[in-house]
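Hi,

Here's the structure I promised to pass on. Have a look at it first, and then read my notes below.

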Protein chains: 2
Amino acid sequence: MLDQLLIIVFGVILVSLVTAYLIGKNIAKQSDGTPKMKEIAEAIREGARAFLYREYKIIAIFIIIFSLLIYFFLDTPSTPTNEGLFIAISFVVGALASLLAGFIGMKIATISNVRTTEAAKHSISKAFKVAFNSGSVMGLSLVSFAVLGLLILYVVYTYFGLSNEILMEVLTGYGLGGSSIALFCRVGGGIYTKAADVGGDLVGKVEKGIPEDDPRNPAVIADNVGDNVGDVAGMGADLFGSCAESTCAALVIGAIVFSSLSGLIYPILISVVGIAACLITLLTVRLRKENVEGTLKQALVVSSVLVAGALYYFTPKWLPSTFEISGVSYTAMGAYYAVLCGLVAGLLIGLITEYFTSYKNKPVQQVAESSKTGASTNIIYGLALGYESAVMPLILIAVTVFVSFYFAGPYGIALAALGMLSTLVIGLAIDAYGPVADNAGGIAEMSALPSIVRKRTDVLDAAGNTTAAIGKGFAIGSATLTALALFFAFVTASGLTTIDLLSPIVLAGILVGGMLPFIFAALTLKAVGRAAYSIIDEVRHQFKSIKGLMEGKAKPDYARCVDIATKASLKQMIVPGILVIFSPLIFGWLFGIEALSGLLIGALSSGAVLATSLSNSGGAWDNAKKYIEAGHLGGKGSDVHKAAVVGDTVGDGCKDCSGPGLNVLMKLMAIVSLVFIPFFIKYGGLLLG
Amino acid sequence: MLDQLLIIVFGVILVSLVTAYLIGKNIAKQSDGTPKMKEIAEAIREGARAFLYREYKIIAIFIIIFSLLIYFFLDTPSTPTNEGLFIAISFVVGALASLLAGFIGMKIATISNVRTTEAAKHSISKAFKVAFNSGSVMGLSLVSFAVLGLLILYVVYTYFGLSNEILMEVLTGYGLGGSSIALFCRVGGGIYTKAADVGGDLVGKVEKGIPEDDPRNPAVIADNVGDNVGDVAGMGADLFGSCAESTCAALVIGAIVFSSLSGLIYPILISVVGIAACLITLLTVRLRKENVEGTLKQALVVSSVLVAGALYYFTPKWLPSTFEISGVSYTAMGAYYAVLCGLVAGLLIGLITEYFTSYKNKPVQQVAESSKTGASTNIIYGLALGYESAVMPLILIAVTVFVSFYFAGPYGIALAALGMLSTLVIGLAIDAYGPVADNAGGIAEMSALPSIVRKRTDVLDAAGNTTAAIGKGFAIGSATLTALALFFAFVTASGLTTIDLLSPIVLAGILVGGMLPFIFAALTLKAVGRAAYSIIDEVRHQFKSIKGLMEGKAKPDYARCVDIATKASLKQMIVPGILVIFSPLIFGWLFGIEALSGLLIGALSSGAVLATSLSNSGGAWDNAKKYIEAGHLGGKGSDVHKAAVVGDTVGDGCKDCSGPGLNVLMKLMAIVSLVFIPFFIKYGGLLLG
C-alpha cells in the first residue's frame with residue numbers, strides 16, 4: 001500500500017505534467033504564420049529531429065554497453081540482492097527519463113519558435129507569452145520526470161524488498177544515467193551548435209558578406225537547430241543531471257540516518273515543493289510595461305520566496321527534530337538552513353554572473369573599450385574578466401559548503417544543492433525561453449517579415465541573453481555543489497571517515513585531478529574548431545557548386561549541413577567523453593579509493609573555476625561585441641567591432657561547449673565513482689597493493 | 001670550531017665565487033666595439049641601473065616594514081630565544097643575498113651584451129663564449145650566495161646556542177626574504193619588460209611602421225632593459241627563491257630527524273655538490289659545429305649525471321643508513337632516490353616544455369596553421385595547447401610526490417625539489433645566456449653593423465629561445481615541488497599529523513585557494529595592459545613633440561620611457577603582491593591552520609596547471625609567429641602573420657608575467673604560512689573559535 005505522502009507527491013507531479021501538457025497544447029493551437037514561416041520552421045524542426053535521431057542511435061549503443069558494464073562489474077553474486085542488475089536498470093531509466101524530458105523540450109521549442117514570431121506581429125507581450133510558456137513546458141516536464149523516475153524506481157524496488165541502504169545505493173544508477181545523457185547533450189550539442197554558428201558565420205558573414213540568418217546561407221538552418229540542440233536540450237540534460245544526482249547524493253547519505261518515509265525521501269520532497277511553488281509562480285507571470293528582464297527575474301524571486309516559506313513550514317514535520325550523522329547531532333531546522341543557504345547562494349551566483357556578462361555593467365564595457373587597441377587587448381581583458389568573475393561564486397560556494405555542513409553535516413551539502421535547484425522549473429523556463437526568442441528572430445529575418453517583428457523579437461532575445469547568464473551561473477553553481485554532494489555520498493558509502501590530505505597518493509590525486517578540467521577544455525575547444533572546419537568546407541562547396549545561390553534563385557541544401565554538423569559533433573565528443581567517464585574508473589582501479597577522492601576534489605576545485613571563467617569570458621566577449629553593435633565605440637563594421645568579433649568567436653566555444661561541459665565533467669566523474677564503489681572495493685588499488 | 005665538512009663546503013663556495021669573478025673580469029677586459037655600440041650599451045646599462053635603484057628604494061621600505069611585522073608578530077617573549085628577532089634577521093639576509101645575486105647577474109649581463117655583439121663580428125663561437133660565460137657568472141654567484149647566506153646564518157645562530165629545531169625554524173625567514181624579492185623581480189620585472197615591449201611595438205611597429213629595435217623608437221632602450229630586468233633578474237630571483245626555500249623546507253623537516261651535522265645540513269650539501277658538478281661541467285662546454293642548442297643541452301645532461309653520480313657516492317656517507325620520520329623507517333639510499341627522482345623529473349619537464357613551445361614540433365606548427373583562418377582560431381589553438389601542455393608535467397610532479405614520499409616521507413619531497421634544482425648553476429647559465437644574446441642582436445641592429453653580425457647573434461638568440469623553454473619548465477616544476485615541500489614543512493612544524501579532506505573548512509579552503517591563481521592571473525594580465533598604455537602614450541607623445549625624430553635627425557628621450565615603465569610596473573605590482581602575501585595571513589588568522597592548509601593545496605593544485613598553461617600558451621604563440629616569420633604560410637606581413645601577431649601579443653603577458661608570477665605565488669604563500677606559524681597558533685581561527 002502506498003503511503004499517503006507518496007500519493008500527494010504523485011499528485012503534485014501529475015498536476016505539473018498535466019499543466020505542461022495543456023500549456024503545450026495551447027501553444028500548438030496558435031497560428032504558425034505564412035507558408036514561408038511554416039517552411040522554415042519545418043526545416044528547423046526537421047534538422048533538430050535529424051540530430052536527435054542520429055544522437056539517439058549512438059546513445060542507445062552507449063546505454064547498452066555501459067549498462068552491461070555496470071551489470072558485469074557491479075553484480076555481487078554473494079549478496080542476494082543482485083545490485084548490479086538494479087543499478088543497471090536505474091541507469092537505463094535515468095537515461096530514458098532524461099532523453100524524454102529533452103525530447104519534449106526540443107519538441108515544444110521547435111513548435112513555439114515560429115508561433116512566437118507570429119505572435120510578435122501583434123505585440124511584444126503576446127510573443128513573450130508564447131516563448132515563456134514554451135519554456136515552462138520544458139521546466140515542468142523536466143523536473144517532474146526527474147522526480148517521477150526516481151519515485152517509481154523507489155516504489156518498485158521497495159516492492160522487491162530492498163533494504164533502505166541498498167535501495168538508495170542502487171538508485172544512484174539513475175543519476176548516472178541522467179548525467180551520461182547530459183554528457184552527450186552538453187558536449188555533443190555544444191560542439192554542434194558552435195560548429196554551425198562559427199562555420200556558417202565565417203563563410204556567410206565574413207567571406208560572402210551576407211547578413212546573419214540569411215536564408216542563402218546553407219548553414220543557417222543548422223545554426224537555428226543548434227540553438228535548440230545546445231541551449232534547450234543541452235542545458236536541460238545538464239540540469240536534469242544536477243537534479244537527479246543531488247537527489248541521489250542526499251538519498252544515499254539520508255538512508256543511513258533516517259528510517260521514517262518522510263525523512264528518507266525528504267530530498268525528493270524538496271523538489272516536489274519546488275514544483276508546486278513554481279506552478280503557483282507561473283500563474284503570476286505577466287509581462288508588465290514590456291520589462292521582460294524584470295518580469296523574468298521577478299518570477300525567480302517569487303518562486304524562491306515560496307519555496308523558502310513552504311519548506312520552513314514542512315521541514316520540521318517531515319524530518320525528526322534531531323538526527324545524528326557520524327556521532328554529531330543536527331536538527332531539522334538545521335537541515336532547512338542548509339537548503340536555504342543553497343537557495344540564496346544560487347540566486348547570488350546568478351546575479352554575479354549577470355553582473356560580469358551583461359553589457360550594462362562596467363566589466364563588459366571595459367572589454368569593449370579594450371577592443372579599441374585591437375584584438376589582443378580584447379582577448380586579454382576578456383580572459384582576465386573570466387578569471388575575476390570566478391572569485392565571488394567560488395567564495396559563495398565555499399561559504400555554502402561550510403555553513404550547510406555546519407547545520408547538517410555532509411547531508412547538508414546535498415541539501416544545499418537541492419535548495420539551489422528547488423526553483424529549477426522557473427529557472428529552466430527562463431533558460432529555454434531564450435533560444436525560442438532567438439529562433440523567432442531568425443525566422444522573422446528569413447521570412448522577410450516587417451522590421452517591427454524583428455525588433456520585437458530582438459527585445460525578447462536581449463532579455464533572454466541577460467537571464468541566460470543567470471541560468472548559466474545557476475548551472476555551474478549547482479553542478480559544483482552537486483559534485484561535492486556526490487563526493488560526500490561517495491565517501492560515506494565507501495565507509496571512509498577521514499581522508500588524509502598529507503597522504504602522498506591523495507596529494508598526487510589532487511594534482512592529477514586539478515589538471516583534468518584543463519585537458520577537457522583543450523579537447524573541447526579544439527573539437528569545436530574541427531567541427532567548424534567541416535561546416536566551412538561544406539558551405540564553401542555549396543556556394544561554389546549551386547548555381548544562382550548568391551542571387552537567391554536557388555536553394556541551398558540545408559539538410560547536408562545539419563547532417564555534417566551532427567556527424568562531426570558526435571565524432572568529436574568521443575575523446576572528451578571517454579576522458580570524463582574512464583579517468584575516475586582507471587584511477588580508482590589503479591590507485592584505490594583514497595587516491596580517487598583526491599582526484600575528484602582536484603578536478604572539482606579547478607573545474608569550478610575554469611567552468612565559471614570560460615563561460616563568463618565567452619559571455620562577456622559576446623556582449624562586448626553586442627555593445628559595440630548597439631552603436632558604441634564606432635559601431636558595427638568599425639575596427640573596434642572587428643577586434644571584438646575575434647573575442648566573440650573565441651568565446652563561442654568557451655561559453656557554450658567547454659565551460660558548460662565542465663559542469664558535466666565534475667558531476668559525472670563523481671557519480672561514476674559513487675556507482676562503481678563495489679568495483680573499487682573489490683579491484684581498486686591494483687598498483688599500490 | 002668549525003667542522004671539517006663545513007670548511008670543505010665553504011671551500012667549494014669560495015672556488016665558485018672566485019671562478020665567477022675571474023670569468024667576469026675576463027669578459028670585462030674584452031672590447032666593447034665602436035663608439036656607437038658603447039653608447040647604446042651604456043644607455044641600456046643606465047636604464048637597468050635606473051630601474052634597479054628605483055626598485056631598491058621600494059624594496060627597502062618593504063623590507064623594513066615586513067621585518068618589523070615579523071618581529072612584532074612572531075616574537076615570543078615567553079621563550080628566551082627571541083624567535084621573531086632571529087626570523088627578521090634571516091629575512092633581511094635572505095632578501096639582501098637575493099638582491100646581491102640579482103645585481104651581479106644584471107651587471108654582468110649588461111656588460112656582456114655589447115661584448116657579445118663585438119665578438120660576433122669575428123665568429124659565432126666567440127660570441128657564444130661571451131654570452132654563455134656571462135650566464136655562468138650569474139649561475140655561479142646566485143647559487144653560491146643562496147647557500148652561503150644560509151650557511152653563515154647557520155654558523156652564527158649555532159654560535160648563539162639555538163637548538164637545532166628552533167634554528168631551522170628561524171632560518172625559514174631566509175627563504176621568505178628570497179621569495180619576497182622574487183615577487184618584486186618576477187612580477188614587477190615582468191610587468192616592466194612586457195609593458196616596454198608591447199607598448200614600444202604597438203606604436204613603433206604598428207603605427208609608425210619602423211622595424212623592431214629601431215633606435216628612433218623612444219621605448220627601444222626600455223625594451224632592452226626589460227630583457228635584463230625580467231629575464232635575468234626576474235628568473236634569477238625566482239630560482240634563488242626556489243633554491244633557498246626548498247633548502248629551508250628540507251632543513252625544517254630534517255631538524256626533527258637528524259642529529260649529526262652532515263645529516264642536518266644534507267640539504268645544503270646537495271646544493272654544494274651541485275655547484276661542484278656544475279663547475280666541472282663548465283670546463284667541458286665548447287661550441288661544436290655551431291650547434292648551440294645541442295651544446296647547451298649537453299651541459300645540462302653532463303651536470304645531471306655528475307650530480308647523480310656524486311650523490312650516489314656521498315649520500316650513504318652523510319646520512320645515517322636508516323632514519324625515522326613519524327614512526328616510519330627510511331634509508332639513506334631512499335633519500336638519494338628522492339633526490340634522483342626530482343633531478344630526472346626536472347629534465348623531463350624541461351624537455352616536454354620545449355616540445356610544446358618550439359616551432360620545430362607539431363603543436364606550435366598547428367597553432368601557426370590555425371592562424372590561416374584568423375586571429376580567433378590562433379587564440380583558440382594557443383589556449384588549448386597551453387592546457388594540453390600541462391598534462392605531462394603535472395603527472396610527472398604527481399609521480400615525483402608519490403615516489404619521493406615513498407622513499408623518504410615528507411623529507412623526500414623537499415629532497416626531490418633540491419634534486420631538481422641541483423644543476424641550477426648550469427640551468428641559470430643557459431637561462432641568462434638568452435637575454436644577453438637577444439640584447440646583442442638589438443645592439444647590432446641599433447649600431448647598424450653588417451648584417452652578418454645580426455645573423456650570428458640571431459643564431460645564438462634562436463637557441464636561447466628554445467633552451468629558455470627548458471628553463472621555464474624547470475622553474476615551474478621546481479616551484480611546484482618547492483611549494484609542496486614548504487607545505488609539508490608547514491604541516492610538520494605546526495604539529496599536524498593529518499588534515500582531513502572531509503572537514504568542511506579544509507574543503508572550503510581548497511575551493512577558495514583554487515581560485516586565487518586565477519585572480520592573480522587576471523590582475524597581472526591587466527597590469528601589463530595598463531603599464532603598456534602609459535608607455536604607448538609617452539612614445540606617441542615623443543613622436544609628436546620631438547621634431548626630426550622620424551627622420552633620424554633628433555634623438556628620443558629614452559630615459560623618460562625607462563622611468564615611466566619603471567614607475568608603472570612598480571605601481572601595478574602592489575595589488576597582486578598584497579594578494580599573495582596577505583591572503584594566507586588573513587585566511588589563517590580567520591579560519592586557522594587546517595583551513596590554511598586547504599588554501600595552500602588548492603592554490604598549488606590550480607596554480608601549477610595555470611602557470612604551466614599560461615607560460616606555454618605564451619611561448620607557443622610567440623614561436624608560431626616566428627615560424628611564420630621564418631617564411632612559412634605566407635611569411636611576414638601576410639594575413640596569417642597578422643593573425644599570429646594577435647596571439648603573440650596576448651601571450652607576452654602570459655608567458656613573462658602572469659605565468660612565472662604564479663611560481664612565486666605558490667612558493668610565497670607557502671613560506672609565509674610556514675614562517676607565521678607562531679602567529680597562527682596564537683591568533684589563528686578567529687572566526688571558528
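Let me begin with the hairpin in chain A: β1(A) and β2(A) form it with two residues between them, and A:Ser326 in the turn has a positive phi of about 45°. Before I go on, note that this is a predicted model, where local features need pLDDT of at least 70, side-chain atom pairs count only at pLDDT 80 or more, and totals for chains, interfaces and linings use all residues. Residues are numbered from 1 along each chain as its sequence is written, while chains are lettered from A and ligands numbered from 1 in the order in which they are written.

Strand β1 (residues 322–325) of chain A pairs with strand β2 (residues 328–331) of chain A in the antiparallel sense, over four bridges. Strands here are DSSP runs of E with at least two residues, helices are runs of H or I with at least four, and both are numbered from the N terminus; two strands pair if DSSP finds at least two bridges between them. A:Phe323 has A:Tyr330 as its bridge partner in β2(A).

Next, a helix pair. Helix α4 (residues 124–159) of chain A packs on helix α8 (residues 266–284) of chain A at an angle of about 160°, with the axes 11 Å apart. (Axes are lines fitted to C-alpha atoms, for helices over the stretch in contact, and angles run from 0 to 180 degrees between N-to-C directions.) α4(A) and α8(A) are therefore roughly antiparallel to each other, a label used for angles over 145 degrees. Among the residues making the contact are A:Val143 and A:Val147 of α4(A), and A:Ile268 and A:Ile275 of α8(A). Contact means C-beta atoms, placed from the backbone, within 7 Å.

Now, how many residues does each chain put into the contact between A and B? Chain A gives 55 residues and chain B gives 54. On the chain A side, α16(A) gives the most, with 17 residues. By class, that side has 40 nonpolar, 12 polar and three charged residues; Ala, Val, Leu, Ile, Met, Phe, Trp, Tyr, Cys and Pro count as nonpolar, Asp, Glu, Lys and Arg as charged, and the others, Gly among them, as polar.

Cheers

Note on methods:
Two residues are in contact if their C-beta atoms, placed from the backbone, lie within 7 Å. Angles under 35 degrees count as roughly parallel, over 145 as roughly antiparallel, 65 to 115 as roughly perpendicular and the rest as oblique.
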